[in-house]
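Subject: Structure for you to look at

Hello,

Here is the structure I promised to hand over. Please open it and keep it beside you while you read.

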Amino acid sequence: MTSVDLLVINAAEVVTCAGFSQAPARGADLSAVGVVRDGAVAIGDGRILDVGASDRLRREYRVDESKIVDCGGGVVLPGFVDCHTHMVFAGDRADEWAERMQGKPYLEILKAGGGILSTVKKTRAASEAALVAGARRWAKLALGLGTTTLEIKSGYCLDHDGELKMLAAARALAEELPLEVVTTFLGAHVVPKEHKANREKYLELVLETAAEVRRQNLAEYFDVFSEAEAFTVEEAERLATKAKELGFGIKLHAEQFTASGAAQLGVRLGAVSVDHLEHVDDATVAALSKGDTIGVLLPAVPFHLGMTDYAPGRRLADAGVPLAIATDMNPGSACTPSIPMAIAIACRSVGLTPSEAVMAVTQNAAHALGRGAVTGSLEPGKRADLVVCDVPDHRWLGYAFGYNPVRTVIAKGKRVLKREELLLC
């Protein structure tokens, strides 16, 4: 018998999402999550050693009884990958959300100095320690909801020193919590007030700051919000092209409020992902279906803002676009760290099946962060990131909502969350 560090047994389903480590699942494969009934997972040295039937793994692997994770008929899945968040910020925007619920458009709030600019004022005033403390709270909640890999963007200071402060806070968070944090520089979020009269000066500042971010190795990706009241497609192309020369991977906020053409720009530039996609036209769908850029859907945004314009997930999936789902956790348009909730909304509002949504928050989301070969599926050799959910089968992640189904979280091969049964008496 081979010794292992952890043995996860007695799962009604082990959902592997296997077979797509080199390229994301798309088309019919988006639902090919792969299910092992009465399954188990063997873990050693932080890696997955074996996946298979519980009775076989119990015979073939030796482990101390204290290192056995008995799923009790629950479901084991890869740890969730939240590939789009803005988790480092100060303050909140509950007042603006209330205005949105009464019908005030987001772009009108932004134009009046609210929205992102409201958070910018508060985040600039916050210390790095305060930003770490705030982000820690949300990241721990995300971990408890099954997220083991997390992307965090800057973009709420919009000046040289503040953007570096935000990215340093995100990196500090990664050093103290048992999850992987991938950082993205989003200096091109909107143009701050002090540069409204001179956009050119701010574009130059973004690139100057980007160079320093790379020098300090504070971010892997570069993002641009291409939209009305933010940056034009032409500006996005200029910035992203320079960022590629600096060595960044490219992401774009695209087609959130209008069909701007930003997603097609992302395909041309070889962006790893284009995110939002609520307003895509036929040409954009065709371009995405032929390229390798992943479309990241953020269904919690229109849900949170009471909007009816969701991304056409079914249309995109049927066209063969590789899709991921993320929370877009931020203080303004999606105040949730819950991937299970994002799955539930996606099944109801963007037209994905539960199996497609599971693939979209695991293996495909890992590809949207350049981590597809490392995490996102349960296959021998991959990092042991997995969750145990108190559900009878994986469809329940879409079917049931409004509660946390996660019982156990294993990140990098270590059990980091064990939720005991709640006894009501």
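The model is predicted, so local features need pLDDT of at least 70 and side-chain atom pairs count only at pLDDT 80 or more, while totals for chains, interfaces and linings use all residues. Residues are numbered from 1 along each chain as its sequence is written, and side-chain values use heavy atoms, with hydrogens and water left out.

**Helix pairs**

Two packed helices are described by the angle between their axes and the distance between the axes. Helices are DSSP runs (H or I, at least four residues), numbered from the N terminus. Axes are lines fitted to C-alpha atoms over the stretch in contact, with angles from 0 to 180 degrees between N-to-C directions.

Start with H5 (residues 128-144) and H6 (residues 160-176). Their axes come within 9 Å and cross at roughly 50°. That makes H5 oblique to H6 (under 35 degrees is roughly parallel, over 145 roughly antiparallel, 65 to 115 roughly perpendicular, the rest oblique). The crossing is right-handed (the near helix is turned clockwise from the far one by less than a right angle). In H5, Glu128, Leu131, Val132, Ala135, Arg136 and Ala139 make contact (heavy atoms within 4.5 Å) with H6. Their partners in H6 are Lys165, Met166, Ala168, Ala169, Ala172, Leu173 and Glu176. This contact has nine nonpolar, no polar and four charged residues. Ala, Val, Leu, Ile, Met, Phe, Trp, Tyr, Cys and Pro count as nonpolar, Asp, Glu, Lys and Arg as charged, and the others, Gly among them, as polar.

Next come H9 (residues 262-269) and H10 (residues 282-290). Their axes come within 9 Å and cross at roughly 25°. H9 and H10 are therefore roughly parallel. Ala263, Gln264 and Val267 of H9 touch Ala283, Thr284, Ala287 and Leu288 of H10. Five of these residues are nonpolar, two polar and none charged.

**Pocket and cavities**

On a 1 Å grid over the protein atoms alone, a cavity is a set of points where a 1.4 Å probe fits but cannot get out; a pocket is an open set with protein on both sides within 12 Å along at least five of seven lines; lining residues have an atom within 4 Å of a point. A volume is the space filled by probe spheres set on the points.

The largest pocket has a volume of about 160 Å³. Its lining has three nonpolar, two polar and four charged residues, including Lys121 and Arg124.

The structure holds four cavities of 30 Å³ or more. The largest cavity has about 140 Å³ of space.

Best wishes

Terms used. Helices (H or I, at least four residues) and strands (E, at least two) are DSSP runs, numbered from the N terminus.
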